[in-house]
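Morning, everyone. I have one structure to walk you through today. Please have a look at it first, and then I'll take you along it.

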Amino acid sequence: MENVNFTPKEILQKQFRQKMRGYDPDDVDSFLDNVIKDYDTFVKENQRLQDENERLLAKVDELTRQVQVGASQPAATTTSQATSSVTNMDILKRLSNLERHVFGSQLDNDPNESHRL
């Protein structure tokens with residue numbers, strides 16, 4: 001709104017000099033009344049759009065913060081879960097190999113196979 005030359009009120013109060021030959025004052029007044037209405041509508045619409053823009057920018061900032069917070073938490077959780085799963089599986093394999101090595105053929109011939117993975 002910095003480049004605006006006239007407000008609706010200034011347009012309404014503008015007085016023109018009359019000459020012998022010139023425009024019909026009633027036509028000029030009628031035209032200026034319509035210009036004022038349009039101008040006032042544009043000013044209101046511009047303000048509404050500026051308000052909406054500010055609201056949407058604030059919402060974008062809020063959602064960006066939420067995404068940043070949300071992205072940092074699941075990444076750490078997923079990494080720890082993956083490490084935990086790999087570690088647990090690795091431990092189970094090592095235990096199984098250790099049991100085979102220590103007990104050898106006893107495990108293969110044992111009728112109770114509940115200890116096998």
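**A walk along the helix**

Let me start at one residue: Glu-52 is partly exposed, with a relative accessible area of 29%. Hold on to that residue.

First, a word of caution. This is a predicted model. Please keep that in mind throughout.

Now the overall picture. The protein has three helices and zero strands. Along the sequence, the order reads α-α-α. Helix α2 runs over residues 25-103.

How much of the protein is buried? Of its 117 residues, buried ones make up 4%. The accessible surface comes to about 10900 Å². Carbon and sulfur atoms account for 55% of that surface.

Next, an annotation. UniProt, in an unreviewed entry, lists residues 32-66 as "coiled-coil region". What does the model show over that span? Residues 32-66 are 100% helix and 0% strand.

On to the charges. Take Asp-29 as one of them. Asp-29 belongs to helix α2. Its relative accessible area is 43%, so Asp-29 counts as partly exposed.

Now the salt bridges. How many does the structure hold? The count is four. I will show you some of them.

Asp-40 is partly exposed, at 28% relative accessible area. Lys-44 is exposed, at 55%.

Next, Glu-45 and Arg-48. This salt bridge has its closest N and O atoms 2.7 Å apart. The spacing along helix α2 is three residues here, again about one helical turn. Both partners are partly exposed: Glu-45 has a relative accessible area of 34%, and Arg-48 has 43%.

And now back to Glu-52, as promised. Which residue does Glu-52 pair with? Arg-48 forms a salt bridge with Glu-52, and the closest N and O atoms are 3.3 Å apart. Both residues lie in helix α2. They are four residues apart, about one turn of the helix. Arg-48 bridges to Glu-45 and to Glu-52.

Last stop: a nonpolar patch. Which residues form it on the surface? They are Met-89, Ile-91, Leu-92, Leu-95, Leu-98, Val-102 and Phe-103. Together they have about 650 Å² of accessible area. Look at Val-102 in particular. Val-102 lies in helix α2. Its relative accessibility is 55%, and exposed means over 50%, so Val-102 counts as exposed.

To recap. We have a predicted model with three helices and zero strands. Thank you.

Technical notes:
Residues are numbered from 1 along each chain as its sequence is written. This is a predicted model: local features need pLDDT of at least 70, side-chain atom pairs count only at pLDDT 80 or more; totals for chains, interfaces and linings use all residues. Side-chain values use heavy atoms; hydrogens and water are left out. Helices (H or I, at least four residues) and strands (E, at least two) are DSSP runs, numbered from the N terminus. Buried means under 20% relative accessible area, exposed over 50%, partly exposed in between (1.4 Å probe, protein chains only). UniProt positions are given in the numbering used here, feature names are shortened, and annotations may be inferred rather than shown by experiment. Accessible areas come from the Shrake-Rupley method with a 1.4 Å probe; for residues, only the protein chains shown count as cover. A salt bridge is a side-chain nitrogen of Lys or Arg within 4 Å of a carboxyl oxygen of Asp or Glu. Patches are made of residues with over 30% relative accessible area and no salt bridge: like charges are joined within 9 Å, nonpolar side chains (Val, Leu, Ile, Met, Phe, Trp, Tyr) within 5 Å.
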